[in-house]
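Reader: I would like to learn how to read a structure. Please take me through a few features.

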Amino acid sequence: MLFSSITFLYCFLPCVLLVYFVVPDRMKNLVLLLASLFFYGWGEPKYLVFMLASVTQSYIAALLVERFRGTRIAKLALAVSAVASLGLLAYCKYADFFIGNFNAVTGFSIPLLKVALPVGISFYTFQILSYVIDVYRGGVPAQRNFVDLAMYVAMFPQLIAGPIVRYSDIAGSLKNRKTTLADASEGITRFSVGLAKKILLANSAALLVSEFKAYSEKTVLFYWLYAAAYMLHIYFDFSGYSDMAIGLGRIFGFRFSENFNYPYISASITEFWRRWHISLGGWFRDYLYIPLGGNRVKPIRHVFNILVVWAATGFWHGASWNFVLWGLLYAILLLFEKYILHPKRRHAVFMHIYTMLFVVLGFVLFDSASIADAFMSFKSLFGLAGIPAVNTASLYYLKSNLVLLIIAALGATPLPKRIYEKIGGTAGGSRVLAVLTPIATVASIAVCTAYLIDGSFNPFVYFRF
């Protein structure tokens, strides 16, 4: 079930909210759990078994880790839980990748398993891993209520595409939370912003990407239009989903961490990854990079740590070599900035252009069907593939989408938020916004609903991961 669907907006969510706010506090977690299981099982009910099995093993493992802390039994319980979680992820997401590459190297013909990828498994697997590891480290106590733990993992606002919510961040809210009118209002407003980003901007940019891929007579200009459109599409698609998740969490009394902080204003690749998919970057930092030694090691070991972390980051996104290469590209750029470039010593405009160039190229690689396709796209972008620079069709697509691209580019900066805050910083402005904000929220949802009823193009890019 998609957040950006009529079924979710006008059937599922109102029913859940009605039941949730009617039942007594002691039953709210159970209501959220049952609603989340229904939400997840709507499209593929058989994969509920995988999720519940993952929750069950983590529940038992954490109790054992806490009970036998400091002993071999605790280490064994942690190891078994990690193998179970990563093993299930590997089976569902990477089995055919490994089989295919093994066949290519050896000449064997082992049949592919063709396992359908359960939606959200990459996200809830990392949440489960962080929970058991944090219990092992003594950062949080083991959760003794199975319903509460299952609700944390399966909570539908952040289940499908994050942000990756750590148990330690919401442990206190599992039992003690209240939703005030202000919380509900801010949550609805935040949800409507995310919905508008998704429906009005991400989907419109995705249409241009789709038209590019379907058109046979490519040009250099058309490749750059595609690259810019995909860059904007993936940002508004994913950040829009995160906004909706954070807004829904707020309505139910949870405060999820921010997942994006205007990454396209970055003046280095290092800064970009502090602003993009913050919850994933933080997870790899705390559960892989730092345990490997982080940057408190000799340079050669630090290079190794960076390469491992970013290869894993790329591989997390998908079972394909282009994702691994995408991750390693950022590893090389981060090492280049640390040991050679030193971004703070360079001119800000130059650094921003450099950063955005590699971000664009990175997303072209990310979106490519293969490494060969990616390199053909790179050649085409720089006029080295023997295609014309421009033709009538590419000029038409430029003119047709120029306003969209400009609005989306401005929307990816803090400018709209700063204007809103500046207006709200005055007494008269705050009173105006108090009236206009709910009107704009309702209008935004109404416009998005009209688009959905019209059957507009409505994919979620991160459902692939």
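Author: Start with helices. Helices (H or I, at least four residues) and strands (E, at least two) are DSSP runs, numbered from the N terminus. The expected span of a helix is 1.5 Å times one less than its number of residues. This is a predicted model, where local features need pLDDT of at least 70, side-chain atom pairs count only at pLDDT 80 or more, and totals for chains, interfaces and linings use all residues. Residues are numbered from 1 along each chain as its sequence is written, and side-chain values use heavy atoms, with hydrogens and water left out.

Reader: How many residues has helix α10, and what does it reach from its first C-alpha to its last?

Author: Helix α10 (residues 220-251) has 32 residues. It reaches 46 Å, close to the 46 Å expected at 1.5 Å a residue. Just after α10, Gly 253 has a positive phi of about 95°.

Reader: Why is α10 called largely enclosed by the rest of the structure?

Author: Buried means under 20% relative accessible area, exposed over 50%, and partly exposed in between (1.4 Å probe, protein chains only). In α10, 29 of the 32 residues are buried, so the rest of the structure largely encloses this helix.

Reader: How many disulfides does a search of the whole structure find?

Author: A disulfide is a covalent bond between the sulfur atoms of two cysteines. Here the cut-off is a pair of cysteine sulfur atoms within 2.5 Å. The search finds 0. Take Cys 11: its closest cysteine sulfur, in Cys 15, is 6.8 Å away, too far for a bond. Cys 11 is partly exposed, with a relative accessible area of 44%.
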